[in-house]
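Visitor: Please take a close look at one part of this model with me. I want the contacts first, then the parts around them.

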Amino acid sequence: MKGSLFIFNTLTRKKEKFIPINPPFVGMYVCGPTVYNDVHIGNVRTFISFDVLYRYLLHAGYKVRYVRNITDVGHLVNDADHGEDKIAKKARLENLEPMEVVQQYTNSFHFVLQLFNTLPPSIEPTATGHIIEQIEMIETILKNGYAYTKNGSVYFDVEKYSQMHHYGKLSGRITEELIANTRSLEGQEEKKSPLDFALWKNAEPSHIMKWKSPWGIGFPGWHLECSVMSTKYLGETFDIHGGGMDLKFPHHECEIAQSVAAENTEPAKYWIHGNMLTVNGQKMSKSLGNSFTATQLINGTHPMLEKAYEPMSVRFFMLQSHYSSTLDFSNEALQASEKGFRRLVNAITLLETIQPSESGSINTDELEKKCYDAIQDDLNTPILIAHLFDAAKTINLLYDKKEIATKEQIETLKSVFKNFFFDILGLQTETDNNNSDKTNGIMNIILNIRKKARENKDFSTSDFIRDELKKLHIIIKDSKEGALWEYEK
RNA sequence: GGUCCUGUGGCCGAGUGGCUAGGCAAGGCUCUGCAAAAGCUUCUACAGCAGUUCGAAUCUGCUCGGGACCUCCA
């Protein structure tokens, strides 16, 4: 493998060459979901983005430890019910145990990510599994003088921290301006400054998820779990920290402050942020009501969806834009991607039938190099896919005998698709594998009858079969090699 | 209000000082009993105005749109 990865680091606002701290090992932490609801496909986009990074690093031969947390302690909901645990609230509403809610949505999260063919992380730690470590980190921060206690809660002292360090360096904020612009929220009277954030929160008696601590019964603060679990599994300073753009501030900023306050080191060398999926130009979000879940997407059961979409078409759609740009969802755009994706899949199938020639009229080495250049340039998947479309055209021309290729060139084409299409982009071709053997058998019989009718020029019978199947949403496609069928999309 | 991002052909989306992606759609063609499918092929855009430059969609300024964060959020 040639070349090396350049990646945009939010911390420096520059594309930087990726150099691991301890090669060949790479530590990567990605902020995972809060499991109090089904994730929507905007959430899925971020995990797909980091899946591509993970897959690239594995392909490049790194030994990657990929840690992605499950947030199973709820965070604050909003001003109205400040201090209430999201998961506890949901549990009361549905009359379930909090951990039952956690388990249910963790399961569905795993199911969804599997649908989109993302690789599981190496470690998937939970916040509730690391309460002791979180308490320990709070004690260290207190001991170092960067936090204060109040009524059984512990708050991070941003003002104190700002005297020595730059709070806001990741998101480009200035402490004084932040103070000037912060809205005054209810329930924050315990804090010395509105910028201060909770490390430990005192629990009301009605609160369900709570633990004993040196400061009383309570639960850990919003940002602490990521600091604790990334440190525990990846060390005080590790290579990559990722997450959605919306976590940059305050979440990731707080993580940096916590690590510096506790360990006097910044947690990550490279900070990488994926951008949002938008709908009509607006961020997809649960609260705006413009979100839909993976299940709704693949079943087409949402008013905004004109039809059902295959998970791989959706993954492909997402990879056709750069991870750091917003991507606007629309039925039109998704259907365009769906067709483009099928074009690539078709070419991959044809590639298996190409026969080698003595000499070649194509340049496969250049293709391979361009693909590496694209993925290594800040994971430019849209450019990479454009090269794969060029390769698909080449394959079609080879199939039509308008170009010729040597055995080696055909092998290179195959390895390009294996490496980039399957391994790095994480795409799969088997989209119709839900047909049972029995259905396939029946369809083969029908198609054989039709074939015989056509051979006998009995077109009224062959057209009758085609038209009747169409009524059942089964489409016949004739080709030189015979007829194929598929369900109408 | 503050900070930042963004505006590309009918649609989606890369690129980023000169070589001007790619997909979808549309037109043409090939294949074909017909149709569909599939393939080949054509189409030249960068919000507006001003400036820098031999040269700008790309840099600078202004104007006008859109968005994100500042509050849980992927």
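Guide: Start with Arg466: one of its polar side-chain atoms lies 2.9 Å from a base oxygen of RNA strand B. That is a polar contact (a pair of N or O atoms within 3.5 Å; within protein, one must be able to donate a hydrogen and the other to accept it, and residues adjacent in sequence count only if both atoms are side-chain atoms). This is a predicted model, so local features need pLDDT of at least 70 and side-chain atom pairs count only at pLDDT 80 or more, while totals for chains, interfaces and linings use all residues; side-chain values use heavy atoms, without hydrogens and water. Residues are numbered from 1 along each chain as its sequence is written, and chains are lettered from A and ligands numbered from 1 in the order in which they are written.

Glu332 has a side-chain N or O atom 3.4 Å from a sugar or linking oxygen of RNA strand B. Now the wider view. Of the RNA strand B atoms within 4 Å of the protein, 65% belong to sugar or phosphate, and the rest belong to bases.

A residue is near the strand if one of its heavy atoms lies within 4 Å of it. By class, this surface has 16 nonpolar, 22 polar and 18 charged residues. Here Ala, Val, Leu, Ile, Met, Phe, Trp, Tyr, Cys and Pro count as nonpolar, Asp, Glu, Lys and Arg as charged, and the others, Gly among them, as polar.

Which element gives the largest share of the surface near RNA strand B? It is α13, with 8 residues. Among the elements that supply at least two residues each are α11 (331-351), α13 (381-399), α16 (459-471) and β14 (474-479). Helices (H or I, at least four residues) and strands (E, at least two) are DSSP runs, numbered from the N terminus.

Next, see how α11 and α13 pack. Their axes come within 9 Å and cross at roughly 45 degrees. That makes α11 oblique to α13. Angles under 35 degrees count as roughly parallel, over 145 as roughly antiparallel, 65 to 115 as roughly perpendicular and the rest as oblique. Axes are lines fitted to C-alpha atoms, for helices over the stretch in contact, and angles run from 0 to 180 degrees between N-to-C directions. The α11 residues in this contact (heavy atoms within 4.5 Å) include Arg343, Leu344 and Leu351, and those of α13 include Phe389, Ile395 and Tyr399. The contact of α11 with α13 has 9 nonpolar, 2 polar and 1 charged residues.

Helix α10 (residues 311-319) also packs on α11, at about 105 degrees with axes 8 Å apart. That makes α10 roughly perpendicular to α11. Among the residues that meet are Phe316 and Phe317 of α10 and Phe341 and Leu344 of α11. This contact of α10 with α11 divides into 8 nonpolar, 3 polar and 1 charged.

Last, some backbone details. Most residues other than glycine have a negative phi, and most peptide bonds are trans. The bond from Phe249 to Pro250 is cis, with omega near 0 degrees. Pro250 sits in helix α8 (residues 248-263). Asn280 has a positive phi, near 50 degrees, and its place is in the loop between β11 (277-279) and β12 (282-283).
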